[in-house]
Amino acid sequence: MFDVIKKLKFFFKENALQYTFSFIALGLGNLCAVLIPYIVGMIIDDIVNGIMNTQRLQMYSIVFIALIILTYLLDFSWVFGLFSGAYKLQKQMRSKMMRHLLRMRAPYFERFRTGDLMARGTQDIRTLADTAGYGMEVLMTSTVYLGVLVTMMGITVSWALTAATILPLVPMIYVFRKKGAEIDERYETAQKSFSKVNEDVLEMVDGTRVIRAYVKEEDFIKKFKKQTEDLYNKNNLVAKTGAVFGPTVKIFEGLSVVVALSYGSFLVASGTLTVGNMIAFQLYLGMTIWPIIAVSELILILRQGSASMRRVEEIMDATDGLVLDGQEDITEVKDIQFNQFNFRYGSSESVNLENLDLDLEKGKLLGIVGKTGSGKTTLIRQLLNQYPIGTGSFDMGEFAYQQYQDPALRRMIGYVPQDHVLFSRSVRENIAFGKKEATDEEIMASIRNASFEDDLKKMERGLDTLIGEKGMSISGGQKQRISIARALIKDPQILILDDSLSAVDAKTEQNIIENIQKVRKNKTSIITTHRLSAVKQADEIIVMDNGKILERGTHDELIRQKGWYYEQFLRQEIKSNETDVKGEVK
Ligand SMILES: Nc1ncnc2c1ncn2[C@@H]1O[C@H](COP(=O)(O)OP(=O)(O)OP(=O)(O)O)[C@@H](O)[C@H]1O
């Protein structure tokens, strides 16, 4: 149960001054509080003994007011100290998690779904922060404060009465231990269900348009209701176990009061205790209610904290399983060579790239075509270091690919993925993402090369137009071209367009390809596409089928081979001519 505190030790150490100060303030605050019943006892004994006068009353009043002011200041200090520490922990853990996630690659995100990661990054980290804030308060209250109270009861009133009063509380510890373990298990199950709800929400928000188009709202609502009901039931179980703690405390506390009253009265009657002692004892006993409840709170919060810690550790300790130990720097990409190269995804039954031989000279344009699922993107992913590198040889210049440092490799590549990712920022910021210090002239040049200039002119705020969630919605073709401009501005050694021209018309596609060829002399470019016109000018085109290279050559050579490429080209030409005849945009 205390393992969560052990695991948070690094944080308590880092903020040792803040926690020490808070604990001292909390201890002193508690001490001030326990002095009050002691003084009340003295006042009552003064009255009973007939020695109370104005002077003594004034003195008691001043001490009371001083204690109240001091308690206020001390309480403020520790509450602020502990709870600001909790926020600091949240901030730190979230930044750490974000750094970890940004380092992870594809296999990691196949293992943990976005909704699950969000649940762990929000609610579980908040639970951990509660442990560092409220948890520390109840830890101190249930140990130091309770200890001070019991000591005061023993020293100032009677050890015998104190022992007799505490005895009925012992069986309570057994109940707490048993229920604590139950809370741990139930809370973890509830958190898993919360992750699932998060995943469903994300999927629904993302897919709203498709859900509505297929009139599947009711199905999704039903499924979501079932999931939220499951979460409700599991949280209910947590609440049910948690609810046992409060009444249990009250029952045992009640027993203590009965013992205190009966045994206390007997001691007063026998002359061992004064009336003032007896009243002070009752006040102390009343004050132990919160520290004893705090014991139950402590168990609750530490158990929940442990479960959340396990969930956070699971994603922080997990890696994408990809070994990155390359040492070589790279500033220029020379030839890229694959030799008898094979690759298979971890979850795939068959080989996804098979006996691949490919020699891509520096500065050349390579076209990759082939049926869907033939392995085009898989080959690109190897270049992007997104999955484990396959077997056989894969060299870049003088070294094997794995011998290079991963960040250095990524700096060499400008990548336009199939699924365009634009940030909810301005057009300028989205494009300058590829080159931080880019001037507006450079941004405009890459916009022209990506054939986005005319579209930009129609945007009222030009480069400052906000796109994405908070800004205007833009078409698929516009998204593709902003993504291309972002890659072009980086002027990378290798430019990769992965089916990135599918949403633009044939004329725009032609312009973009010509611009790319113009601005990327002596730099390598790779284009995967379904539309063969996009790679007509490539220095080499490979046709992939089932992870293998089926045909290769220039456009003219492939046409002469009269294979898949030839047939596909004819088909696409006929289609394009038909479109022309109909007078539609080419
Ligand atoms: N992450 C993955 N895990 C397991 N198998 C995968 C994964 N990604 C792709 N595959 C499989 O690998 C094969 C090649 O897929 P790939 O995405 O490379 O095809 P592609 O030629 O790019 O297709 P498309 O033209 O439709 O984009 C397919 O059979 C696909 O199902």
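Visitor: Which residues in H9 meet which residues in H12?

Guide: Two packed helices are described by the angle between their axes and the distance between the axes. Keep in mind that this is a predicted model. Here, the H9 side of the contact is Phe-176, Gly-180, Ile-183, Asp-184, Tyr-187, Glu-188 and Gln-191. Facing them in H12 are Val-295, Ser-296, Ile-299, Leu-300, Arg-303, Gln-304, Ser-306, Ala-307, Ser-308 and Arg-311. By class, that contact splits into seven nonpolar, six polar and four charged residues.

Visitor: And the geometry: at roughly what angle do the axes of H9 and H12 cross?

Guide: Roughly 35°, with the axes of H9 (residues 170-213) and H12 (residues 289-317) coming within 9 Å. The crossing is right-handed.

Visitor: Let's zoom in on Phe-176. Is Phe-176 buried or exposed?

Guide: Phe-176, which lies in H9, counts as buried because it has 20 C-beta neighbours inside 10 Å, and 20 is the cut-off for that label. Setting aside neighbours within four places in sequence, Phe-176 is in contact with Val-295, Ser-296 and Ile-299.

Visitor: What about another helix pair, say H7 with H8: which residues make the contact?

Guide: Start with the axes again: H7 (residues 134-157) and H8 (residues 159-166) come within 7 Å and cross at roughly 145°. H7 brings Val-150, Met-153, Gly-154 and Val-157, while H8 brings Trp-159, Leu-161, Thr-162 and Ile-166. Sorted by class, you get six nonpolar, two polar and no charged residues.

Visitor: Now H18. How many of the residues of H18 are buried?

Guide: Twelve of the 14, so H18 is largely enclosed by the rest of the structure. The buried ones include Arg-481, Ile-484, Ala-485 and Leu-488. As for what covers them, look for strands E6 (413-416) and E7 (494-498), along with helices H15 (427-432), H16 (440-449), H17 (453-457) and H19 (506-519), among others.

Visitor: How far does H18 reach from its first C-alpha to its last?

Guide: H18 runs over residues 476-489 and reaches 20 Å, close to the 20 Å expected at 1.5 Å a residue. Just after H18, check the backbone at Asp-491, where phi is positive, about 45°.

Visitor: Which residues have the most contacts inside the largest nonpolar core?

Guide: The general idea first: in soluble globular proteins, nonpolar side chains tend to be buried together. In this model the largest nonpolar core has 62 residues, and Ile-431, Ile-484, Ala-485 and Ile-496 have the most contacts inside it. H18 gives the most to this core, with six residues. Apart from that core lies another of 54 residues, including Met-136, Val-138, Ala-260 and Ile-292.

Visitor: What does Ala-485 touch, beyond residues up to four places away in sequence?

Guide: Ala-485 touches Ile-431, Ser-446, Ile-447, Ala-450 and Phe-452.

Technical notes: Residues are numbered from 1 along each chain as its sequence is written. This is a predicted model: local features need pLDDT of at least 70, side-chain atom pairs count only at pLDDT 80 or more; totals for chains, interfaces and linings use all residues. Helices (H or I, at least four residues) and strands (E, at least two) are DSSP runs, numbered from the N terminus. The expected span of a helix is 1.5 Å times one less than its number of residues. Two residues are in contact if their C-beta atoms, placed from the backbone, lie within 7 Å. A nonpolar core is a set of buried Ala, Val, Leu, Ile, Met, Phe, Trp, Tyr and Cys residues joined through C-beta atoms within 7 Å. Axes are lines fitted to C-alpha atoms, for helices over the stretch in contact, and angles run from 0 to 180 degrees between N-to-C directions. A crossing is left-handed if the near helix is turned anticlockwise from the far one by less than a right angle, and right-handed if clockwise. Ala, Val, Leu, Ile, Met, Phe, Trp, Tyr, Cys and Pro count as nonpolar, Asp, Glu, Lys and Arg as charged, and the others, Gly among them, as polar.
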